[in-house]
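Try each task before you read its solution.

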Amino acid sequence: MIRKILRDDPAPLRDAAESKLAKSSVAAAPARTVEDLLHELQVHQIELEMQNESLRQAQLSLEESRDRYVDLYDFAPVGYITLSRDALITEINLTGAALLGVERRNLINRRFASFVAPEKRDDWYRYFAHAIAHDDNQEYSISLQRDDGSRFHARINCQRQIRAGKPPTVRIAITDETDRSNAEEELRIAATAFESHEGMIVTDANGIILRVNQAFVSQTGFSADELVGRTPEFLRSERHDTIFYEQMWKTLRENRSWQGEIWNRHKNGKVYAEWLTISAVTTSAGQITHYVGTFSDITQNSEAAAEIHRLAYYDPLTQLPNRRLLHDRLNQALTASARSGHYGAILFLDLDNFKMLNDTRGHDVGDLLLIEVVRRLHTCTRAGDTLSRLGGDEFIVLLEDLSERAEEAAAQVKQLSNKIINIVEQPYHLKDREYHCTVSIGISLFYDNDETIDALLMHADLAMYKAKNAGRNTTRFFDPEMQLALDRRSTLETCLRHACAREQLQLFYQPQINSRRGIIGAEALLRWRHPDRGLVQPHEFIPLAEETGLILPIAQWVLETACAQIKAWEAHHSTRDLCLAINVSALQFRQVDFTTRIKQTLEKIGANPARLKIELTESLVLDNVYDAITKMQELKAIGVEFSLDDFGTGHSSLSYLKQLPLNQLKIDRSFIRDLPVNSNDAAIVEAIITLGRTFKLNIIAEGVETEAQRDFLQHQGCHDFQGILLSRPVPLDGFERYLELSYG
Ligand code: C2E
Ligand code: MG
Ligand code: MG
């Protein structure tokens, strides 16, 4: 650079050298040439230039570093503010100004306190007073407020600055903490929420419990230690099946949330209901990382709901269904009856003279009676029956699934109402005093949804009033015909009870004939000689006798009479070989000592068992095939014969037929009636005859009325007959006359 100066412009330098030489020649001894001076000047000049250059360099780097400092200072992530001893802002960086929301130049000499939230200013003055008086470094969190009213959480760091000869200042550094404090606040809220009164549980994506709150611990009875690390499965009760849980997980995977009622088991074993909400926690990519479950115990809700239900549908005194629930049940019962074809009934019960008890001994005693009556009613009814209290002393019993036949259904209801009347009649002890009470009952039958509920209740109510008018403590049916039928039936029952003892029963004999051998025997058919009604046919009293159990003594009478007849016939050669058939009822056959009775009777009378034939029906045998076989075999062993009556009308099963120790099949008269015209019947009869031949059984046809029928049967190979073509069932003397006529 120096060489350059010299080369570029030597003229000024030469001038300077010459002037210096002129001055120095006066003072200095040694003579120096201009050239020397010129050279000296040039060197000096160069030195000066060099000094200037390094100065400029220093200046430059100073400026650079100052800029750097200013940049660092102004754009630091922290707001720097210098406050005077009076807490006025004397210096502030750009970040600080930006935080306070005011241009820097407008901040100088502003009181910093004006940016502190008013409620925090006292705190601020305290901090500042400390800072200006002490050297320690202090940090505070404080809420600052900008001129526009917006606030932010600031963390401020205060540090006193001492400079020689100058009053102390305070340098504060401010950072905006809003984000952090928001995050902290959220954490605080979350933590508080987690410890709420609802049970909460956090699991990982595999359902392993990571965290539970206190409420969950209380709800389940398990401690956090017992719960963490396990899956919630061990809390399960047996109230839900696996399908329930599968559905829950499916919904959870698809919708990321599930809620519903769930029954879990407490550590103490008690099962409780909870409302569970499960939410899946996912990453931004949608991958499930956790599940959060919230449980609220709703057992009490359920209990409350149950209580509401109880109040709405049950009578508070007796806990019986009230009128509203009865309506529901009646609705269902009517539909069920229409579907099944079975009768149902309602019994309208009204206690007799209940009002008098209430008036004389008070309502609490009345209540005691009602409770006791209900207790007794429960003992008469079946589990499926509905016992309901309409109010006061009025009750309804709803019966379902009675018989498919009206009269039988009515008899079933009547039987129950008799039971009720009897049990209500028993004495009561109400507050140490004996009390007697009776009940009047009105009955209305229903079938096939043919009446409305209101009509049914009204009919039963009317019937109940009829019972009251008839002198109370009795039952009446709404349907007058039904009532009549029942009345007849009950009179019949009373009479039938005495029929045996009063010798009103009689055996009729209907001959059985073989086309080659003539009369082979007879069927004994029962008749009842009623004093008023004359001769009563079996279909009018045998079902009733079966239902009431009266059939048993009657059957014994039939057996004894038949055996006596067999014995009597033995005495005469023309009747010695006759076989007498008797009919046996289901109840009789089911008796455990059925065979013993027969054997004993035969023995007692001394009748030949081989002359006794027992007619059984298919349904009776199929009721318990093995029992039937055993009994039959036992009797067959002593010679008694068996015939299968009404054959073809039951559910004949060939396999059973093969096993039964039968002697005879008796073709039911319904197949004979339309012979030989009805080709169906003809085919059936033909098949039965073939069957008999196959199983080596004798075949007899009953109800043979015409020659054509007999001819058809003979032609098919059936040679034994019974029917009015030969003789009606007749009393003994008539039968014996018939014998005489036949044999001459
Ligand atoms: P069942 O054993 O099938 O008796 C045959 C029925 O057919 C008898 O009716 C008889 O009178 C009737 N009958 C006979 N021939 C003819 C005919 O040509 N045409 C028509 N239409 N009917 C004929 P009954 O005497 O009225 O007896 C009815 C049922 O009562 C018997 O049917 C039997 O099941 C039952 N029964 C009769 N006596 C007794 C008995 O002592 N004990 C039991 N448990 N049941 C009996
Ligand atoms: Mg018979
Ligand atoms: Mg028959």
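**Exercise 1.** Find the glycine with a positive phi in the hairpin of β9 and β10.

*Solution.* Start between the two strands: the hairpin has five residues there. Glycine 286 takes a positive phi near 90°. Helices (H or I, at least four residues) and strands (E, at least two) are DSSP runs, numbered from the N terminus.

This is a predicted model: local features need pLDDT of at least 70, side-chain atom pairs count only at pLDDT 80 or more, and totals for chains, interfaces and linings use all residues. Residues are numbered from 1 along each chain as its sequence is written, chains are lettered from A and ligands numbered from 1 in the order in which they are written, and side-chain values use heavy atoms, without hydrogens and water.

**Exercise 2.** Name the strands that pair with β10, and trace the bridges of histidine 290.

*Solution.* Two strands pair if DSSP finds at least two bridges between them.
- Take β9 (residues 271–282): nine bridges join this strand to β10, antiparallel.
- Take β6 (residues 199–204): six bridges join this strand to β10 (residues 288–297), also antiparallel.
- Now go to histidine 290: its bridge partners include valine 281 and aspartate 204.

**Exercise 3.** Is asparagine 353 buried, partly exposed or exposed?

*Solution.* First locate asparagine 353: the loop between β11 (344–351) and α12 (354–361). Its phi is positive, about 55°, although asparagine 353 is not a glycine. Then apply the cut-offs: buried is under 20% relative accessible area, exposed over 50%, partly exposed in between (1.4 Å probe, protein chains only). Asparagine 353 has 41% relative accessibility, so it counts as partly exposed.
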